[in-house]
Amino acid sequence: MIRILSVEAVPISLRLAEGYRIAGASYTEAENIILKVDASDGRTGFGCAAAAEEVTGESHAASLSALRDTLIPLLRESDARNPGEVAVRAADLAPGAPAARAAVDIALHDLLGRREGLPLARVLGLRRSRLLTSITLGISDDRPATIEAARRHVAAGFRILKIKIGEDWESDARLIRELRAALGPDILIRADGNQGYSEEDALQFLEAVASADLELLEQPTPAADLEALSRLTAASKVPMMADESILAAPDADRIIERRAAKLVNIKLMKCGGITGALEITRRTEPAGIGAMIGCNDESRISIAAALHFALAAANVDRADLDGHLDLVDDPAREGVVIREGYIMPSGDRPGIGVLVDL
């Protein structure tokens, strides 16, 4: 047995270099919790919690409380060699705190890779060495500024843009068409509604952008209305992606049963970490549903963990791992690098490969 000798949960507030707006919310900072776990074999693993209250109902304060009151005591009585077993117990004890559970699961997987002396993706079963990632543009009332920002991202090497929409379908459609005209046919454009549309709005938006070659439309309608998402999936040539509608593996079953989406957005913070993410892929892959690895505004710690999961997962062929790029004073370094639009590990360090200054 490898015992956990000490655990430290450090809440941090990270400024965003540029705030942004999505349908229903605006952001200027990111609240994260860094978890440092020291094991009896002399190794240290790191995890990160980045709660998204609007998606899971879990606030930053709730994450911290779950860690300090429930999950850290669980860690101290657990065998560090068995992340999956700990994840099951954590889900029973803190079902409403998936981001807090993700921090624990990431730290244990980091320890697993360090113990094996290998990057975590190799321990999990490496399938790919890199993934193209999108970079996100928030909602703005200044369309020319948005188009100029898109051009800057393309000039920096990004090949996929994810555009936040959901407040006004007509304005959104104009922006998508203008972006396509400005960027040409070779740049992929994704749209993310963040539940902002009615079903009718979504249909009108899709008709209005029919000529713009949209790669996918993410969560246009309310998360609980899988029937609306299913009808959109059946009606549109543009693939629907579920995000807020899928938190954990049981939600994947409901999406499969209703044929509600052709794609799902997996986020470690929604499903409790790598263990939960792998379970989602075990259910969606046989059903022919593709997956994207996504993120919140997160430290490189959990971005790196998400990348290692994605490099090993069967049906993850898309990435939206840009949540660390805008953070000021992230205590983590290294771990991931983006070159010509591809995100990949920054080296061959064991575990998730990050260096953390606490």
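Analyst: The second largest cavity is lined by A50, A51, A52, T56, E58, A99, M269, K270 and N296. A cavity here is a set of points on a 1 Å grid over the protein atoms alone where a 1.4 Å probe fits but cannot get out, and a lining residue has an atom within 4 Å of a point. The model is predicted, so local features need pLDDT of at least 70 and side-chain atom pairs count only at pLDDT 80 or more, while totals for chains, interfaces and linings use all residues. Residues are numbered from 1 along each chain as its sequence is written, and side-chain values use heavy atoms, with hydrogens and water left out.

This second largest cavity holds about 30 Å³ of space, a volume being the space filled by probe spheres set on grid points joined across faces, edges and corners. Its lining comprises 5 nonpolar, 2 polar and 2 charged residues, where Ala, Val, Leu, Ile, Met, Phe, Trp, Tyr, Cys and Pro count as nonpolar, Asp, Glu, Lys and Arg as charged, and the others, Gly among them, as polar. The whole structure was searched for cavities of 30 Å³ or more, and 2 were found. The largest, with about 40 Å³ of space, is lined by H308, G335, P345, S346, G347, D348, R349, I352 and G353, and its lining divides into 2 nonpolar, 5 polar and 2 charged residues.

Turning from cavities to pockets (open sets of points with protein on both sides within 12 Å along at least five of seven lines), the second largest pocket contains about 310 Å³ of space. Of the 22 residues in the lining of this pocket, A87, A91, R101, C271 and G276 lie nearest its centre. Two or more lining residues come from each of α3, α4 (98-116), α10 and α12 (274-284), helices being DSSP runs (H or I, at least four residues) numbered from the N terminus. Helix α3 gives the most, with 8 residues, and the lining as a whole has 13 nonpolar, 4 polar and 5 charged residues.

The salt bridges number 23, each being a side-chain nitrogen of Lys or Arg within 4 Å of a carboxyl oxygen of Asp or Glu. In one of them, R89 pairs with E77, and their closest N and O atoms are 2.7 Å apart. R89 belongs to helix α3 (residues 83-93), whereas E77 sits 12 residues away in the loop between α2 (60-76) and α3. R89 is partly exposed at 32% relative accessibility, as is E77 at 48%; buried means under 20%, exposed over 50% and partly exposed in between (1.4 Å probe, protein chains only). E199 and R231 approach to 2.8 Å between their closest N and O atoms, and because E199 lies in helix α8 (residues 199-208) and R231 in helix α9 (residues 226-235), the pair ties together parts 32 residues apart in sequence. A further network of salt bridges links K162, K164, D192, E218 and D320.

Leaving aside residues up to four places away in sequence, F205 touches I165, W169, D172, A173, I176, A191, Y197, L214 and L217, contact meaning heavy atoms within 4.5 Å.
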